[in-house]
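Please look over the sequence and the structure shown here before turning to the notes below.

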Amino acid sequence: MTEPLAHRALLYLDDVRVSFDGFKALKGLSLTIEPGEMRAIIGPNGAGKTTMMDVVTGKTRPDSGEVLFDGGGVDLTRLDEAAIAGLGIGRKFQKPTVFESHTVEDNLYLALKADRGPFASLFHRLGADEAARIDEILATVKLADRRDDLAANLSHGQKQWLEIGMLLAQEPKLLLVDEPVAGMTDAETMETAALLRRIHDSGKSVVVVEHDMAFVRELGVKVTVLHEGGVLSEGSIDHVASDPRVIEVYLGR
Amino acid sequence: MIGHFLFRGLDRGVVVALTVILAIGVLVPAANLLLPPGHPLHVPTYLVTLFGKYATYATLALALDLVWGYCGILSLGHGAFFALGGYAMGMYLMRQIGSRGVYGNPLLPDFMVFLNWKELPWYWLGFDRFGFAALMVVLVPGLLAFVFGWFAFRSRVTGVYLSIITQALTYALLLAFFRNDMGFGGNNGLTDFKDIVGFPVQAAGTRAALFFLSCLLVAASLLLAAGIVKSKFGKVLIAIRDAESRTRFIGYRVATYKTVVFTVSGVLAGLAGALYVPQVGIINPSEFAPANSIEAVIWVAVGGRGTLTGAIVGAVAVNWGKTWFTGALPEFWLFALGGLFVVVTLFLPKGIVGTIAEIRAKRTAAAAAAPKPAPAE
Amino acid sequence: MPIIRRLARALGLILVLFYALPAAAQDISGALAKLAADSYADTAAAVVDLAGSGHPRAAVIVAALQDGRLEFDRASKAVVLRTASGVVDAATGAAIAPVPGSLSPVRVNNRVRTALAAAMGALTLMSPDPAKRREAADAVFKSRDQAALPTLEAAIAKEADGRIRAALQAARAAVILTRPDASDDARVDAAGSIRERGDQDAVALLRSLPSDTPKRVRDAAETAAKAVETDLALWSSAQNALYGVSLGSVLLLAAIGLAITFGVMGIINMAHGEMVMLGAYTTFVVQELIRTRMPGLFDWSLAIALPLAFLVSGGVGVLIERTIIRFLYGRPLETLLATWGLSLILQQAVRTVFGANNREVGAPSFMSGSIEFGPLAITWGRLWIVVFALAVFLGLILVLKKTPAGLQMRAVTQNRAMASAMGIRTPFVDALTFGLGCGIAGIAGVALSQIDNVSPNLGQSYIIDSFMVVVFGGVGNLWGTLVGALTLGVVNKFLEPFAGAVLGKILVLVFIILFIQKRPRGLFALKGRAVDA
């Protein structure tokens, strides 16, 4: 029954369980992301959103359950973070983390899809195609005029965008974006939503974890509500928003 | 490819530093050998040896800066690699003594005869040949750094935990080398060297050559380190220092990078130790003392971590101070050194070179900002 | 202690003198007459008579003969002993005032010497000095002299001291076991008795039976030997465990303050060892003052030093926190370097004030001497340190768990911002917590001054061990520190017999380095998302 689903899906989680010293962070989470899909994931604190991302990106090993990528061909639970990133899963953290002592350009340069081996990077030379790609991304995330500034000197919102730019530079198949608009102004939030939609339109799958309901509505995609380590409800934003269980645990407080 | 790699490291500061180091490496021996002792510019042999010692310390500081300043790995055990390189060289020098030792045993070093050993332990074999010894100078510290790094970094031991276990590593080696039955001369270590590749170690000419080689090693290490730092590899190191897990999530194997740079650093430290030993004429277990390794850290901190020339400046400056203090005010040296640790961490976190660079950067930024309004876009 | 032994001997001598008179009833006049006969055969016979007489002076007379100090008066045939102070009557020990002019020594030949040797063995078994009797019993156990059997029986019948009695019985069993003409039953019983002795000598004896010994006896001996070996292994484990706990308590003392500053606050205090050293020097100063001013209080010196050491080290700790560490919160590597610098300064300061040499710190009377458990001996000093370490540990737990100050400390370390918002003065609590950790290091210094050299380098020898204990036990967990310290102490002592002290220590260090790879946050660390977020 599940087999065809796994084959069709880009990301396939089935009955994933994780516990930390007795605290059950994920209790049998199952989730499927189709190729080219954009999905919003919401849920109250402690629902397991970040743990889910940790599991997918290899930071946390699940106690049990299946985590498959790319039509079921790859078992993500056997790989480390670097290998998973190499497969084409990019992750943006909740708190913007960029390389503060590097320039904006170098941040993107490091993220560009290339051989990640130590010896390759020892003798690597920045090629013309790479420079062009960096220009392109700088334009996309509107940081072209900050190119030579240290990332440390960017504003909070600019760091968030730089991080999204770094995700793009990786050319991933799947982007996991954790609270991209936290701490942004309304205008920045709307721009970010537009940016993510554009990324989605270019054929990438995107999973957005967010608290901001206005932002999720703006995205206008299928929504999954997590609660206590499992899926509570799934569907369009209107469907989810009218689900009495969701209202009880999350919205209706 | 290699040429490009090394060439890329040559920014203005590095070129200046290389020139100065090589000039000193040539001029000091020349002033020692060519000028007569009465001449005002004559450099006495003991100073040549002292400066040679500083040069090896500068290389050790560079090695440490590469891992600490650029990759955030604060090793409190780099003295171990330095000492291991030194022991490998010391073993060669011991074997060169031959039958000229006190006991006149052609094969066994004096301390083994004294301990009633009948034959040379297997790990002393081959050290009578310089080539083999030179290989071991690189291999032993390099291998230890590689194995230790491999285990520690793969298990993601970071920050102070890593510092503490590197300290434990050198402490364990200190205890081990104190043991007579380890076969490295125990407490007394290896000393009474006679000659090196056929030249007497005490001779002024040999001293001058060793000094030149030490300067050459500093220069080569600087060139290598600059090449590494300027490469994409170096940028990854800084990325690891600033945001380790971010680096991991964009696909770099952090443990591999750390292991590689730690191994390179261990080898550089070992080479420095190998040149240190023939110049000071002794290697004993106290070189493994954790205090020595931490002292090397303060050289880097004083000069400016994350600046390669800073490491060299710091090593020379602090050791020059040490020489001066232990001669003039021996009781106050530890106060001065201790004070240096406190003052630098509190008030000068970027060190001498780092602070100068910062001031200069601010000045150019101010200069660039001033005329900006005139030619608008 | 030699004084006590000498006193006991003198006492024994007085007792002998007291009992000498009534005991004179045992007649040795015949033996004395034979000694005065000036014939080797008579002298030998006299020695045998004396050995069997049970007379209290018999041993003295035989010993004098052996040393050539026994003389007789050719005229009166009186037998006398020449001593350092003059001449005494052999039978009574009474001084003979004018020394007779016609004294000549009682001569000995080889036959007499043989008789003398046997007599001495037998007589010392009956000696009034318990140490001599024990020695004699052990000598027979080793020599298995068949001739000693009757004397052994007599001595066993008379012996009142339980331990010496056991030694005598073991000696008798040894004689019987090795005697081919004894009955098998008696020899099997003997093997059982030797098992009671329970040491390496017993094993050697039980294993030394010749191959023509009846199988039953040999089997019994083997069983007994095996049993002894099991006992010995148990005792040796017990000894290792005991010494290990002792070492562990020292580690615990050294590390417990660090468990607060590093474990709870996350501050790498490389000057921690110097806090211990300051505590030790405080003890030294207190003792010096007491010695010169109020010698009667010496036994209280440690008790007086404890609060002072806490205040000195704690005060220095607060000073360090306020002037240096508070500027470095969140930068652990910088804290490490700055506090290392401080440790150098403190060492040199103490060296300048007190000199570089070791300082003598005395032990109060209740800490001297040792206590025995079976074959094990442990000094009272070590035992008190175990008790003290546990007391400090429990005290600290109570302070942290039950007092308002402890509650605030935990609140600040768990969530600084929240604690601050709740009205806790976090800088004050930081200083207090750090001061507490340092003060406890000072207290540890008082205890460690009892077992280690008090020198400026005292702290250096503990700093790495302390960090190992805290890291191994698990950061932020005091119970982990306790378990870590005791485990490392015991493991160290169990390794020592195989590897030697230094190699044992190296192995422990390597073990910890490997252990940290497996569990980077120690034995009892919290696991979870928050830890490295």
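**Briefing on the predicted model**

B:Arg305 and C:Glu334 form a salt bridge in which the closest N and O atoms are 2.8 Å apart, a salt bridge being a side-chain nitrogen of Lys or Arg within 4 Å of a carboxyl oxygen of Asp or Glu. This is a predicted model, in which local features need pLDDT of at least 70 and side-chain atom pairs count only at pLDDT 80 or more, while totals for chains, interfaces and linings use all residues. Residues are numbered from 1 along each chain as its sequence is written, chains are lettered from A and ligands numbered from 1 in the order in which they are written, and side-chain values use heavy atoms, with hydrogens and water left out.

**Chain B with chain C**

- The count between chain B and chain C is one salt bridge, alongside three residue pairs in polar contact, both residues being at pLDDT 80 or more; a polar contact is a pair of N or O atoms within 3.5 Å, where within protein one must be able to donate a hydrogen and the other to accept it, and residues adjacent in sequence count only if both atoms are side-chain atoms.
- On the side of chain B that touches chain C, α6 (130-154), α7 (159-178), α12 (290-303) and α14 (333-347) of chain B each supply at least two residues, and α7(B) gives the most, with 13 residues; helices (H or I, at least four residues) and strands (E, at least two) are DSSP runs, numbered from the N terminus.
- That side of chain B has 28 nonpolar, eight polar and three charged residues, where Ala, Val, Leu, Ile, Met, Phe, Trp, Tyr, Cys and Pro count as nonpolar, Asp, Glu, Lys and Arg as charged, and the others, Gly among them, as polar.
- The contact (heavy atoms within 4.5 Å) takes 39 residues from chain B and 39 residues from chain C.
- About 3500 Å² is buried between chain B and chain C, with carbon and sulfur atoms giving 80% of the area; buried area is the accessible area (1.4 Å probe) that two parts lose on being put together, summed over both.

**Chain A with chain B**

- Here the contact takes 32 residues from chain A and 29 residues from chain B, and the two chains bury about 2900 Å² between them, 64% of it on carbon and sulfur atoms.
- The rule finds four salt bridges across the interface of chain A and chain B; A:Asp80 forms a salt bridge with B:Arg253, whose closest N and O atoms are 2.9 Å apart.
- The residues of the side of chain A that touches chain B divide into 14 nonpolar, eight polar and ten charged.

**A sheet in chain A**

- Four strands of chain A form an open sheet with antiparallel pairing, in the order β2-β1-β4-β5, and two strands pair if DSSP finds at least two bridges between them.
- β2 (23-33) and β5 (74-75) of chain A stand at the edges with a single partner strand each, so one side of each is left without a neighbour in the sheet.
- Two bridges join strand β4 (residues 64-69) of chain A to β5(A) in an antiparallel arrangement, with A:Phe69 standing opposite A:Val74 in β5(A).

**Confidence**

- The model scores ipTM 0.89 and pTM 0.81.
- Chain C has a mean pLDDT of 82, and 93% of its residues reach 70 or more, pLDDT being the predictor's confidence in each residue, from 0 to 100.
- Over residues 13-25 of chain C pLDDT stays under 50, and the model has five contacts beyond four places in sequence for them.
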